[in-house]
Amino acid sequence: MVVSKKALAYEEKRLQILEQNKKKLEELNLTKLAQALRTTNSPKPSPMKKVKPRTPRQPVDPSTVRRSSRVADKPPPNYKDAPIEPLGRPRSYGYRRRDLSNRVYASDEDRECAIERAEALQARLDQEFPSFVKPMLQSHVTGGFWLGLPVQFSKTNLPKRDETVVLVDEEEDEFPTKYLAMKTGLSGGWRGFALEHGLVDGDALVFQLIQPTKFKVYIIRVNEAEDDKN
């Protein structure tokens with residue numbers, strides 16, 4: 001490959017210029033300065049931050065706690081002597097629940113006798129007014145005091161929504177009760193009627209609907225069955 005004289009001359013000229021620039025840099029001492037700058041600008045490792053050990057917090061004296069100006073002149077409360085109310089403590093709802101451990105259950109024979117006498121009384125009533133016989137159970141006369149009425153009778157003769165239904169006893173005394181249409185039974189007020197008339201397990205009641213929301217109630221006592229046998 002033949003290299004022209006012009007190219008050789010250019011290369012020699014370039015080398016001469018590079019050599020001259022190198023000498024100038026050495027004269028100005030720029031090479032050492034550049035090395036020193038690179039050394040100075042290099043990142044230094046950061047020293048580990050010293051962590052100050054935590055000191056345990058001292059318990060606060062209740063007497064030193066800031067208190068409101070309204071109670072500042074009163075002695076601090078002592079919570080150690082305060083009684084702790086046990087969990088599951090029964091709440092009071094206005095009356096004490098009776099002791100149900102002494103419940104007396106009617107015998108099957110006396111219960112059937114009371115029902116028969118109630119049905120005989122129902123047959124003598126005016127058939128113009130619908131009626132039904134309801135034997136009393138413990139749930140009707142103690143504890144919950146809920147009286148469920150016959151479903152078909154209630155749907156046919158009683159209101160379709162909750163209403164006040166009055167019970168009239170044989171002395172013509174009236175007792176308002178709460179009739180719950182969805183549950184077809186008597187709730188509030190029935191307890192007062194049951195306690196006022198001393199109803200017990202085995203009694204049989206005849207309910208005669210004399211008005212759309214008023215029952216005439218006849219009570220057949222289960223314990224009267226024993227008197228009839230004597």
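What follows is a short chat about the predicted model shown above.

Me: Before we start, what should I know about the model and the numbering?
Reply: This is a predicted model, where local features need pLDDT of at least 70, side-chain atom pairs count only at pLDDT 80 or more, and totals for chains, interfaces and linings use all residues. Residues are numbered from 1 along each chain as its sequence is written, and side-chain values use heavy atoms, with hydrogens and water left out.

Me: OK. How many helices and strands does the protein chain have?
Reply: Seven helices and seven strands. These are DSSP runs numbered from the N terminus, with helices being H or I of at least four residues and strands being E of at least two. Along the sequence the pattern reads α-α-α-β-α-β-α-β-β-β-α-β-β-α.

Me: What does helix α1 look like?
Reply: Helix α1 covers residues 5-28, so to speak 24 residues, and reaches 35 Å from first C-alpha to last. That is close to the 34 Å expected at 1.5 Å a residue, where the expected span is 1.5 Å times one less than the number of residues. Just after α1, N29 takes a positive phi of about 65°.

Me: Switching to the sheet. In what order do the strands sit?
Reply: The order is β1-β6-β7-β3-β4-β5-β2, in an open sheet with mixed pairing. Two strands pair if DSSP finds at least two bridges between them.

Me: Which strands stand at the edges?
Reply: β1 (131-135) and β2 (147-148) do, each with a single partner strand, so one side of each is left without a neighbour in the sheet. β1 pairs with β6 in the antiparallel sense over five bridges, and P135 has A204 in β6 as its bridge partner.

Me: And where are the hairpins?
Reply: β3 and β4 form one, with five residues between them and a positive phi of about 70° at E172 in the turn. Those two strands run antiparallel and are joined by six bridges, with V168 opposite E174 in β4. β4 and β5 form a hairpin too, with four residues between them and T184 in the turn at a positive phi of about 45°. β4 and β5 (residues 185-186) pair antiparallel over two bridges, and Y179 is partnered by L186 in β5.

Me: How much of the chain is buried?
Reply: Of the 230 residues, 27% count as buried. Buried means under 20% relative accessible area, exposed over 50%, and partly exposed in between, with a 1.4 Å probe and protein chains only.

Me: Which residues touch the most other members of the largest nonpolar core?
Reply: L167, W190, L199, L205, F207 and F215, out of 24 residues in that core. The elements giving two or more residues to this core are β3 (163-168), β4 (174-180), α6 (190-196), β6 (204-211) and β7 (214-220). A second, separate core of 11 residues includes A114, A118, V206 and Y218. A nonpolar core here is a set of buried Ala, Val, Leu, Ile, Met, Phe, Trp, Tyr and Cys residues joined through side-chain atoms within 4.5 Å.

Me: What is L167 in contact with?
Reply: Leaving aside neighbours within four places in sequence, the contacts of L167 include W190, F193, F207, F215 and V217. Contact means heavy atoms within 4.5 Å.

Me: Back to A204. Buried or exposed?
Reply: A204 is buried, with a relative accessible area of 0%. Beyond four places in sequence, A204 touches A114, I115, A118, K134, P135, Y218, I219 and I220. The C-alpha atoms of A204 and E112 are 92 residues apart along the chain and separated by 9.3 Å.

Me: Where is I115, then?
Reply: I115 is in helix α3 (residues 108-124) and counts as buried at 17% relative accessibility. I115 touches P135 and A204, not counting residues up to four places away in sequence.

Me: Last one: what does the side chain of H140 reach?
Reply: The backbone nitrogen of L137, at 2.9 Å. H140 sits in helix α4 (residues 138-141) and is buried, with a relative accessible area of 7%. Outside four places in sequence, the residues H140 touches include W146, W190 and A194.

Conventions
A polar contact is a pair of N or O atoms within 3.5 Å; within protein, one must be able to donate a hydrogen and the other to accept it, and residues adjacent in sequence count only if both atoms are side-chain atoms.
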